Amino acid sequence: MADGANRREWIVTGMDCASCAAKITHAVERLPGVSDVRVALMAERLTAHLAPGATDPAKIEDTVRRLGFGIATEEAAAPRKKPFILPADAPPMDVHPHSGDQGHHHGDAPSPLAASRPPEALHRNRRLYRTAKGRLVMLSAALLAVAWSVELLAGPGLGYPAFLLACLIGVAPVAKRALAALRTGQPFTIESLMTIAVLGALFIGAVEEAAVVVFLFAVGEVLEGVAADRARSGIRALAALVPKVALLETPSGLREVGAGTLTIGQIVLVRPGDRIPADGEIVEGTSGIDESPVTGESVPRTKGPREQVFAGTINVEAALRLRVTQAASDNTIARIVRLVEEAEEARAPTERFIDRFSRWYMPLIVGIAALVMVLPPLLTGADWSTWVYRGLAILLIGCPCALVISVPASIASALSAGARRGLLMKGGAVIEAAATLRHAAFDKTGTLTRGAPVVTDVVPAPGVSEQDLLTVAAAVESGSNHPLAQAILARAGTSGLVPRLATEARAIPGKGAVARVDGVETWVSSPRYATEMTGVADPGHATALEAEGKTVVAVFRSGQPLGLLALRDEPRPDAAEGIRQLRALGIDATMLTGDNPRTAAAIAGELGMDFRAEMLPEDKLAAIRGMQAAGGVMMIGDGINDAPALKQAGVGVAMGSGTDVALETADAAILRDRVADVAAMVRLARGAMRNIHQNIALALGLKAVFLVTSTLGITGLWLAILADTGATVLVTLNALRLLRFNPER
C-alpha cells in the first residue's frame, strides 16, 4: 500500500497554545504503527501515517479525547441539503443587476474549503455558556459567590464546604487531563502542576485560595481559547471567501450546486455582486472584478472574454459566464489557505529553540519548587506550611505556556496579515530569514518588467509615413506568435490601422520574418540583417535606440529601407519605487538577466540598481551563492529558469503571475505582481520578529518577577496563576496586533 493511502487526517479543537499541540503529538506518536505525526495549532489539524493493521484510527481519536480535546474526521462536516434548481426556461443571462452575493445563499454543500475549518459540531464559535469550559467557569463563580456570601453573613469558616466544593469541581477535569498526559509519558504539564498545587493548598488548609486558583485557571483557559480562536480567524476568513454555491449551466437550465463539486470545463453564471465560485476563464461578458480579497488590490480590474479570474473575487458590474479551469481543491484561495496552514511546519529557528528550552525548563521549575518547599524548613527550621505554600506558587508561575505560544501566535498572525495583502510566506523560517536580508536579486523579464514588449518608437525612412510603416510591418508579422510580432500588431491595432494583405509569409531563424506584401517581398528583421540586404549602414540610427535598452527591428523591401520600429519590455510602474523602498530598508538590489548588457544597463539605470547581464540559469545560481557570502539574499523571479536560483537563495520569492514551477520552488509569493510588495514583505517579516521579541521578553519578564516575589512570599497562589494566565493572554493579544499591521507603510 502506498504511503498516501495510509495518511490520515483529523480536525482537533480545544488547542489554545503550542504545549497543547505538543501533548497531542507526544501521545499519538507513542501508539504502535503511528509515525510522522504533525499537529498544526492554528489550522487545528492532526495528520499521521498509520501502518496497515497496526492501530485503529478510533484509538487515536480516543487518545486525543482523553487529553481533553475534541476530534473528528473531515467527513464529519455538516450534512448536505438537496440542490435548488432554477426553472429550465430561465435564460443564462437573464439576471437582476443587484442580485446579492451568492455566498449568502444556503447551499447544498459545504464550502470547497470546508476541510480548512472545523465541522459544525466542533466549531469554537459557540456561546461560552454552551461550552464545557464556559459552564465550568460559571459554576465555579456561583459556588465562590455562595461561599463568600455565607462567610460574610454567617461568619468566618462557615463557607468552607462551598469553597471545597468549588475547588474539587474545578480541579476534577484538570486532574483527569493530567492523568491522561501522565499515562502517555508526559508528567510535566500545566495540568499536572495545577493539580499538585491545588491538592497541596488543600493539604495545608488554604482551601479558599485553592478555590480561587481553580476559578482563575478556568477563566484563563477560556480567555486563551478566545484569543487563540481570534488568531485563527485570519485563516478562516480566507477560507470563507469562496461562496458555498455556484449557478451551473445545465441543459435544463441554471442549477444551484455546491461550489466544491464544480469540475474543470463546466460553465457557471456569476451575477453582479456575487463572489466568483472557482478559478476560471471568462466565456461571455465584460465586468469589473474586485480582486482585493485575493490580492489586496482595492481598484477593480475590468476583464473580458478569455481572461482569467480567481475564486473568491467579486464580480462588480455585469453578469459573466465562466469556464471552470481549476478544481475547488486547487483554486487560488485553496492554495493560499494550504500554504498558510502548511507554513506552520516550517518553524522559525527561534521557535525551535523555545521548544528545546521548554523541555528542560519545566523539570527545572519543578526542581526549584521542591527545593523551596524543603530546604528552608530543613536548614533553618522555618515553618513548613509557609514554604510549601511558596513552592506551590512557584509551580503555578513556572508554567511555560506564554513562552511557547509567543512565537507561533506571532507567526500565524503575520502569515494571515500577509495573505490578505497578497503576500504569501511559507512559514516562520521564511519570516525570520526575510527579516535579516541584506541583498535582493531580481530577474528582469516578467519581474521588474511587464514581460511583454511594446512598440516605443516608430522611425519611418524619408518619404514613408508612420501609417505605411506600421501597416507593412503588421502585414509581415500577421501570422506570427512571436512576442515582438504581437507587439507590432498591437501597436497597429491601437492606431486603428488594418494590416495589408500578405502572402508567402515565413520566418528567417535568428534574423526575422519575410512575406510578400502588395506583391513585393518585404522583411522585418534585425538591423544587422537589413544592412546586409540593403547596404545601408545603421539605418535610422538603430545603435542609438539599442543603447536605450530597446530592441530594434528594421522594415525594408529589396534595396529599399522603410524604417525602424523600436520595442522594449517596459519596467513595471512601481519598479523604481520598489527598489527605492528596498534601499531605504538597507537592502542592496541587483538585476540578474539573460538579456544583452546594453538593454540591462538601460533598465537598471532607470531603476537605480546594479545589474549582471547575459546570465544563464547556472550563472544566476552562482551569483546568488556569491551574494550569500556577504549576508542574507532574497531572489525574486517568475520563470522556470529562475527555479534553481529561487531554491538557492535564503528566501526565494515568486511573482504571482509566474510559472507553477517557480511558485512551488519559492519560499514566498507576491500575488499582485508589484515590485514594491517585496519591500512590504520585508517590513512584515521585521514587524513579526519585533513582535516575537516583545512576546518573549513579556513572557520571561513576568515569570522572573513573579518567581522572585513568590519565593519571597510577596505574592501568593492566586496572583501566581493570574500572572501565568495573564502572560499567555497578553502574549496572544500582542501577537494579534500583527493582523492590523500594514506592511505598505
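**Entry 1: L395**

I looked up L395 and found it buried, because its relative accessibility is 5% and buried means under 20% relative accessible area, with exposed over 50% and partly exposed in between (1.4 Å probe, protein chains only). The model is predicted: local features need pLDDT of at least 70, side-chain atom pairs count only at pLDDT 80 or more, and totals for chains, interfaces and linings use all residues. Residues are numbered from 1 along each chain as its sequence is written, and side-chain values use heavy atoms, with hydrogens and water left out.

L395 sits in helix α10 (residues 384–397); helices (H or I, at least four residues) and strands (E, at least two) are DSSP runs, numbered from the N terminus. I listed its contacts (heavy atoms within 4.5 Å). Leaving out residues up to four places away in sequence, L395 touches L193, I196, V366, A369 and M373.

**Entry 2: T447**

I next checked T447, in helix α13 (residues 444–448). T447 counts as buried because its relative accessibility is 1%. Its contacts, again without residues up to four places away in sequence, are F442, R572, I636, G637, D638, M655 and V675.

**Entry 3: nonpolar cores**

The largest core has 128 residues, and L46, F442 and M634 touch the most other members. Helix α23 (residues 676–711) gives this core its largest share, 13 residues. I found a second, separate core of 25 residues, with V455, V464, I488 and L562 among them.

**Entry 4: two helices**

I compared helix spans with the expected value, which is 1.5 Å times one less than the number of residues. Helix α14 (residues 466–477) has 12 residues and reaches 16 Å from first to last C-alpha, close to the 16 Å expected. Nine of the 12 residues of α14 are buried, so I noted the helix as mostly covered. The buried residues of α14 include L469, L470, V472 and E477.

Helix α20 (residues 617–628) also agrees: its 12 residues should span 16 Å, and its end C-alpha atoms are 17 Å apart. Its buried residues are K620, L621, A623, I624 and M627. They lie on the same side of α20, because they cover an arc of only 160° around the axis, the arc being that of the directions from the helix axis to the C-beta atoms.

I treated two strands as paired if DSSP finds at least two bridges between them. Strand β19 (residues 512–517) pairs with strand β20 (residues 520–525) in the antiparallel sense over six bridges. Two residues lie between the strands of this hairpin, and D518 takes a positive phi near 55°. β20 also runs antiparallel to strand β21 (residues 551–557), joined by four bridges. T522 in β20 stands opposite A515, and its bridge partner in β21 is R557.

**Entry 5: record check**

I looked up "transmembrane region" in UniProt: the unreviewed entry lists residues 134–152, 360–379, 391–415 and 696–714. Such annotations may be inferred rather than shown by experiment. In the model, residues 134–152 are 100% helix and 0% strand, with end C-alpha atoms 27 Å apart. Residues 696–714 are 84% helix and 0% strand, with end C-alpha atoms 24 Å apart.

Definitions and conventions. Core = buried A, V, L, I, M, F, W, Y, C linked by side-chain atoms within 4.5 Å.
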